[in-house]
Number of protein chains: 2
Amino acid sequence: VAALTVRSLSGIPEVRPGDDLARLILEAGPAPPPGAVVAIAHTVVSKAEGAVVALAQVSPGERALALAAEQGKDPRAVQVVLDESAEIVRVAHGVIISRTRHGFVCANAGVDASNTGDPDTVVLLPRDPDASARAIRARLAALAGAGAAGPPPAVLISDTFGRAWRHGQTDVAIGLAGMRALEDWRGRRDASGAPLHATWIAIADAAAAAADLARAKDSREPVAVIEGLERFVVEDDGPGAAALLRPLAEDLFR
Amino acid sequence: VAALTVRSLSGIPEVRPGDDLARLILEAGPAPPPGAVVAIAHTVVSKAEGAVVALAQVSPGERALALAAEQGKDPRAVQVVLDESAEIVRVAHGVIISRTRHGFVCANAGVDASNTGDPDTVVLLPRDPDASARAIRARLAALAGAGAAGPPPAVLISDTFGRAWRHGQTDVAIGLAGMRALEDWRGRRDASGAPLHATWIAIADAAAAAADLARAKDSREPVAVIEGLERFVVEDDGPGAAALLRPLAEDLFR
C-alpha cells in the first residue's frame, strides 16, 4: 500500500519580477520535508523571472496580423506566440498549436493571457524551465538549512496543456529538478511473469496533474507539496523535464 | 488549502471472469467513504467481465499478417487490435495507434498482453467502460449499505495511454460514474479579473494519473481510493468518461 498526499499552499502573494520564490514558498507554509516534491505553476516562476511582455510594446508582423484576423485574436498576442515558437504545428478553432523554442508542443506556445495580474500583459514560459527548477531547488535547500536525512525536496514546474484526442487540459511537467521524470519498467515483468506493456510511466507529468487537483484555478495557490513520491526523488538534479520531450524524428503527428 | 490523499489497496486477488469486483474491493480495505473516488485499472474490470481473448483462438487475416510482419509483432495479437479498432491512425515503431470502437485514440486499441495472468491471452478494454463504472458504483453502494451523508463513492476506470509529443505514458479515465470528467471554467475570471486561459480541466484524467502514482506497476494493486475530490463527486452517475472524447470533427491529428 502506497499513499500519496498533496497539499496546496495558500498565502503566496502576487509574484513580481525579482521576487525570491523559494522564500515566498517557505513563508507560506511548513518547510517541505526531504523527499517531497514542490510543484509550482509556471506562471509565478515566469513572473519572478520577468518573463512577461507588455502587449503595448509589441509590433505585430505580417504573419501575426494574418493569423490574428483569421482566428479572431489580438495580433500582438499572436506575435508573441510566433516569437516563442520554433514551428507552427496546426492552427484551428482560435488556437495556434506550436512547438516552442524548448520543444514543447502546446497551444499558443504556452503564452498565457490570464493569471498575469494585468490584462495588457502576457506571461511566457520560463526561458529554461529545468534551470529554473534547479535554481529554486537549490534556494529552497539553502534557506531551509540542513534538515532531516534524505535528498532535498524536488521542484517541479508545470503548465496546463491540451491533448490531441481528448477534451480538456491537464498539467504536465515543463521543468524538473531532483526527481526522475520517467519510471522505466522496460524489460521488467508483471506479477505473473509476463513482460509489462505499460513500461515507461511519465511520473513527473502524473505528479503535475495530481498537484493541479489540489488547487482551485481562480485562487492564488500556485504551489502544492506532494509527499509519497520519495522513491522518485534523488540527490542529483538530473536531466529535468527535457527527458519528457519526444524527439522530432519520432513525432508521428506533425 | 485543499488536500488530496491517494491510497492503493493491497490484497485484491487475481481477478477471474465473473468475479464480483465491488466485493473484492470492499474485502481488501475499509469501505470508501461518501465522496471518495475509487480508481480501478481497467485490466481487472476487463477480466471480471471476461473481455479476454486466447490467442490460440484467433485466425489472423491478411492485413494482420502484413502489419505483424512489418512491425515484428504476433499476427494474432495484431488481429485482435484490428478487431477492436474503428480506424487505424498511425503505424510505426512497433505500435499501432488506432481509434477504438469506443472512440479512444491509443496504442494497440488498448489491448494488453501483460498483466493478463496468462502469456497466451490478451486483455481487451471493457466493452462499455462507462457502463462498467456505473455497475461497479451501484454494487459498491449496495454492498456497503446506507452510510454517512453524501453521494456514494464515484468509480473511475483507467488505462495507461501514451502521448503524441511526450515520452512515457500516463493513466487516463476510460470509464467514469459519479464524478464530473471536466471542470469548466470557461467564462470565469482569475483572481485579478482577467478571463481564465486554462479553462476546461480534465479532472478525471488528472485523478487517474494521481491514482497510478500510488501503485507499483508490478504489484497486484489495481485499485486506489482518492479522497479530496468531493467537490467533483455527484449523486448522479453523469455522462461518464465519454465526455472526454474529442469528436472526430475537431481532430486535427488524424
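The model is predicted. Helix 3 of chain B spans residues 62-71, and its buried residues are A64(B), L67(B), A68(B) and Q71(B). These residues lie on the same side of helix 3 of chain B, because the arc they cover around the axis is only 100 degrees. An α-helix has 3.6 residues a turn, so residues three or four places apart point the same way. On the other side of helix 3 of chain B, the residues E62(B), A69(B) and E70(B) are exposed. Just after this helix, G72(B) adopts a positive phi of about 65 degrees.

Chain A contains six helices and twelve strands. Its radius of gyration is 19 Å, close to the 18 Å given by the globule rule for 254 residues, so chain A is as compact as a globular protein of that length. Along the principal axes, the C-alpha atoms of chain A fill a box of roughly 55 × 50 × 30 Å.

Of the 254 residues of chain A, 56% count as buried. When contacts in chain A between residues at least 6 apart in sequence are considered, 62% of them join residues at least 24 apart.

Terms used
Residues numbered from 1 in each chain as written. Chains lettered and ligands numbered in written order. Predicted model: local features only at pLDDT ≥ 70, side-chain atom pairs only at ≥ 80, totals over all residues. Heavy atoms only, no water. Helix = DSSP H or I, 4+ residues; strand = E, 2+ residues; numbered from the N terminus. Rg over C-alpha atoms; globule rule 2.2 N^0.38 Å. Buried < 20%, exposed > 50% of the residue type's maximum accessible area, 1.4 Å probe, protein only. Contact = heavy atoms within 4.5 Å. Arc of directions from axis to C-beta.
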